[in-house]
Amino acid sequence: MLYGVGVGPGDPELMTLKAVRVIREADVVALPARTKECVAYRIARGAVEELDEKEFLFLHMPMTKDEKILRECHDRGAGEITTLLETGKTVAFLTLGDVTVYSTYLYLHRRVLAAGFRAELVSGIPSFCAAAARLGIGLVETKEELHVIPATYGTREALSLPGTKVLMKSGKAMGQVKRDLLEAGCPVYMVENCGMENERVFHSAEEIDEEAGYYSLLIVKEADHG
């Protein structure tokens, strides 16, 4: 059995009871990295003390938009997982936030199912929900819409959408994202490394650090919500 396990945004206390149980019961823990020193591992280690006793499978997943490279990585990763499943082992693949939101695991999940094995998604708290709670604000109220946008693909047109906009995966595009936000003039909040020791909170577009890290999430409200 393969489990895709969402470990939440950063604080180990935000991991679900099911996620902790599945990790504890798994024979193998798979990580989207070359070593254990990745964020998903550090989060899970804070809730599952016996994590280091597990067998690990490291699956390097490069951050690229090259479809050929990604397809090769996903095929190879699914192949390594199915090899373990064929021996009767249970595998828990750890992924940040929720397993259904921009998760690398989904590509492996579909391949493993297509190969005839069983696989299950274990939900985790999405980063944008945790960030809103950290900020003490609501994401959507009454008839508001919620839009989740991968910021590296451009934000200018998305910022004109009604309701609340969540900008994820800004990465190296943060400078352009900040310029777009300043031009739009909407209330903006950003949480970098939500729930982690190096967390930072920003309450306006002007405050945003253009050098902020990959795990930075922005919440953009309509002007009349302040």
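Colleague: What conventions apply to the numbering and to the predicted model?

Modeller: Residues are numbered from 1 along each chain as its sequence is written, and side-chain values use heavy atoms, with hydrogens and water left out. As the model is predicted, local features need pLDDT of at least 70 and side-chain atom pairs count only at pLDDT 80 or more, whereas totals for chains, interfaces and linings use all residues.

Colleague: Why is strand S1 called largely enclosed?

Modeller: Buried means under 20% relative accessible area, exposed over 50%, and partly exposed in between, with a 1.4 Å probe and protein chains only. In strand S1 (residues 2-6), 5 of the 5 residues are buried, so the strand is largely enclosed by the rest of the structure. Both faces are covered: Leu2, Gly4 and Gly6 are buried on one side, and Tyr3 and Val5 on the other. In a regular strand the side chains alternate between the two faces of the sheet.

Colleague: How do you know that S1 pairs with S4 and with S5?

Modeller: Two strands pair if DSSP finds at least two bridges between them; strands themselves are DSSP runs (E, at least two residues) and helices likewise (H or I, at least four), numbered from the N terminus. S1 and strand S4 (residues 91-95) have 5 bridges in the parallel sense, and S1 and strand S5 (residues 119-122) have 4, also parallel. Leu2 stands opposite Val91 in S4, and its bridge partner in S5 is Ala119.

Colleague: What makes S6 and S9 edge strands?

Modeller: An open sheet of 5 strands runs in the order S6-S7-S10-S8-S9, with mixed pairing. S6 and strand S9 (200-202) each pair on one side only, and they are the edge strands. S9 pairs with strand S8 (residues 188-192) in the antiparallel sense over 3 bridges, with Val191 partnered by Val201.

Colleague: How do helices H5 and H6 run relative to S10?

Modeller: Angles run from 0 to 180 degrees between N-to-C directions, and axes are lines fitted to C-alpha atoms, for helices over the stretch in contact (heavy atoms within 4.5 Å). Helix H5 (residues 127-135) runs at about 70° to S10, while helix H6 (residues 174-184) runs at about 15° to S10. The buried residues of H5 pack against S6, S7, S8, S9 and S10; Phe128 and Leu135 are among them.

Colleague: Why is the contact between Lys221 and Glu144 called a salt bridge?

Modeller: A salt bridge is a side-chain nitrogen of Lys or Arg within 4 Å of a carboxyl oxygen of Asp or Glu. The N to O value for Lys221 and Glu144 is 4.0 Å, and the pair is counted as a salt bridge. The pair links distant parts of the chain, 77 residues apart. Lys221 has 5% relative accessibility and therefore counts as buried; Glu144 is buried as well, at 15%.

Colleague: How is Lys89 classified, and which residue does it meet in a salt bridge?

Modeller: At 28% relative accessibility, Lys89 counts as partly exposed. Its salt-bridge partner is Glu55, with the closest N and O atoms 2.8 Å apart.
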